[in-house]
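Good morning, and thank you for joining.

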Amino acid sequence: MWSRKKKQDPENDNLTPWEKYQRDHQYDNPPHHLKYKTTLTQKLPQFKKRVTQRIFINLIIIVTTLALASLFLIYLITPLSRVNLVSVTGEQTVTVQQVINASDINHKSNVISTLVNQQQVANRIEQKLPRIERATLSLKGINNIAIKVKEYPLAGFQTTKKGYYAILMNGKIIHQLISKPVGNYPLFDNFPDNQYLRMMIKAYRTFPSKIQNSISEIKYQKQKDNPYQIIIFMNDGNEIIGDIRNISNKIIYYPAIAAQLKTKSVIDLEVGAFSYPLSNIKEESSISSHSDAKHHAKQTSTTKSAEHKKDQHSPDK
């Protein structure tokens, strides 16, 4: 077979090997301007896609913000922004209505404003109601406000001529007169001023709860040699003589002492720790009363006899 000869290009024949190499590889490394043009053309669709995505995201953010702002404005002008209901939990001695009145929250109050200023509302409740130790507010549902209160524990009642005042464990006296004490709380009697009473409450607060529940009355009984003396009347019939300044350290021994007693007794914890039957005091008191009556009767008889003799010796008118 005959093979066709390739046409010979006279120009190529005259090229040197280096020129032929450059000719054959001239498109392997195109010029800089051609290379940049190719790369930009390839990246342009991706750039357009990114710009479109950013515009779409910004549009969503703007539309969402405007929508939320519109909903918020609509909420403010609707009844949903006003307090619908106020609920109170945790109250024991104060009433629900007292807490609501102290909070100054009503149906015209704004929910958001109430929640923003909830600490001020809580402080207002605590100031107006001394029995409240702490008040906290929270949102319940869309427009319901829940108030949770914690009261100071009740220590007992101060006796007065007209009635009783409640005393809290923090030493505060609620000057609202009541005719009858409630619950199993002790009476604090004959305390001359709030100074001694506060000292007694501070000591009473440290008593074990079992002993606190066993006390029926604490009476202040000032003595010349000790202005801090008290008498504690127990529910089991025993009586404790003590000193306000150290009674909290000594009364913890009362259960062990009482367990050894065979009869109702007076337990003196003022200086040491000793006891004697309560009946001895009653007998001494009875003997003293009988002796005073006998002495009074004798004085009366002597006076009458002297008057009778005087009448016998006086001249007739």
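Rings of Phe, Tyr and Trp (its six-membered ring) are taken to pair if their centres lie within 6.5 Å; planes under 30 degrees apart count as stacked, over 60 as edge-to-face and the rest as tilted. By that criterion, the structure holds eight aromatic pairs. One of them joins Tyr 196 and Tyr 228, which are tilted, at 5.6 Å centre to centre and 55 degrees between the planes. Tyr 196 belongs to helix H7 (residues 194–204), whereas Tyr 228 sits in the loop between strands S8 (215–220) and S9 (229–234), so the pair ties together parts 32 residues apart in sequence.

A word on provenance. This is a predicted model: local features need pLDDT of at least 70, side-chain atom pairs count only at pLDDT 80 or more, and totals for chains, interfaces and linings use all residues. Residues are numbered from 1 along each chain as its sequence is written, and side-chain values use heavy atoms, leaving out hydrogens and water.

Helices (H or I, at least four residues) and strands (E, at least two) are DSSP runs, numbered from the N terminus. The protein chain has eleven helices and twelve strands.

Buried means under 20% relative accessible area, exposed over 50% and partly exposed in between, with a 1.4 Å probe and protein chains only. Tyr 196 is buried at 14%.
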